[in-house]
Amino acid sequence: MRIAVSQYVFRVGGGFKEFADHVTRHTVKAWHEKAEIIVFPELISLELIEDKKLLGKPSINLTKILYDHYGKYVEIFSELTERYDITILAGSTVTLGDDGNYYNTAHVFRPDGPILKYKKIHLHLFDKQMGLHAGNDILTFKHSEIIIGTGICYDVGFPEIFRIMRLDGAEIFLIPSLAPGRGAYNWIRFSSHARAIESQGIVALSSGIDPTGELFGYKLRGKSAIITTTDYNPNGFIIEGNEEEDTVLIADIDMTHLREIQEKTAAPVLKDLNFKVYKELCDRKWSPNFPHNN
């Protein structure tokens, strides 16, 4: 399977025309290199907003304006997936639920099926400042007989949902992200490595970047990468970008080799799971004394 990850330098205040041009160029590059899937970063729709003053900090007002642009977001990615016959995880944007709450929602556009949506389960400080609510449902889908799981940025620090997806058969995980600084990016990156190792799978990470600091008042950092178990590659990745470069990274994943590793590894973490111990996790809840509460 050939996967592309967008390393996306935001053009702050560009509006729809520049946004459409930007995502089209990245999609065309992935298509030209015969990628089957391309992953874009979290809250990519921020680039649709022309008024830079609105982008300086997370707020409920920003959330409402992002939702006002939802139709344009769906329009351009629906057109691209149909025109280029490529599956697109179009990062994420704001959606409005039937319950009247706003969500940070990843969208998977497919040439041969309906749009799939995943509402971010674990909310970062930015999500909370924007008045967003947490989703409750995990999303996996099948592509070319391979089961793929999804998460959004901060989700990658929570192994439980990835273990559930892996037990449902997912071997590749697509993660759009947006990191407020290099330390935050490293947190996401190291968490992605952990998820790849414990799932004996692959994490495709797309980073949104803004070196100007105009988005949310932070210099958004990151290196998009396709990350692996160290059995697959001792360095723990197949490909990674150069920070602050606007580009598309494309790599092949050898599923036959990956599955051979899953069978022959000296560290078969999936086979060695101890469910008798883990069932206690569901009965525990956080408290001020966590993790020492009884």
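Ala, Val, Leu, Ile, Met, Phe, Trp, Tyr, Cys and Pro count here as nonpolar, Asp, Glu, Lys and Arg as charged, and the others, Gly among them, as polar. The lining of the largest cavity holds five nonpolar, one polar and three charged residues.

This is a predicted model, in which local features need pLDDT of at least 70, side-chain atom pairs count only at pLDDT 80 or more, and totals for chains, interfaces and linings use all residues. Residues are numbered from 1 along each chain as its sequence is written, and side-chain values use heavy atoms, with hydrogens and water left out.

Stay with the cavity for a moment. A cavity is a set of points on a 1 Å grid over the protein atoms alone where a 1.4 Å probe fits but cannot get out; lining residues have an atom within 4 Å of a point. One cavity of 30 Å³ or more is counted. The largest cavity has about 80 Å³ of space, a volume filled by probe spheres set on the points, which are joined across faces, edges and corners. Its lining includes Glu42, Lys120, His124 and Cys153.

Now turn to helix H3, residues 70-84. Helices are DSSP runs of H or I with at least four residues, strands are E runs with at least two, and both are numbered from the N terminus. H3 reaches 22 Å from its first C-alpha to its last, close to the expected 21 Å. That expected span is 1.5 Å times one less than the number of residues. Just after H3, aspartate 85 takes a positive phi of about 55 degrees.

Strand E4 brings us to histidine 107. Histidine 107 counts as buried because its relative accessible area is 0%. Its side chain makes a polar contact of 2.9 Å with that of tyrosine 70. Such a contact is a pair of N or O atoms within 3.5 Å; within protein, one must be able to donate a hydrogen and the other to accept it, and residues adjacent in sequence count only if both atoms are side-chain atoms. Histidine 107 also touches (heavy atoms within 4.5 Å) residues including Tyr73, Ile88 and Leu116.

Last comes helix H6, residues 182-199. Buried residues of H6 include Tyr185, Ile188 and Arg189. Just after H6, glutamine 200 has a positive phi of about 50 degrees.

Methods: Buried < 20%, exposed > 50% of the residue type's maximum accessible area, 1.4 Å probe, protein only. 1 Å grid on protein atoms, 1.4 Å probe; cavity = no way out; pocket = protein on both sides within 12 Å on 5 of 7 lines; lining within 4 Å. Lists of a residue's contacts leave out its neighbours within four places in sequence.
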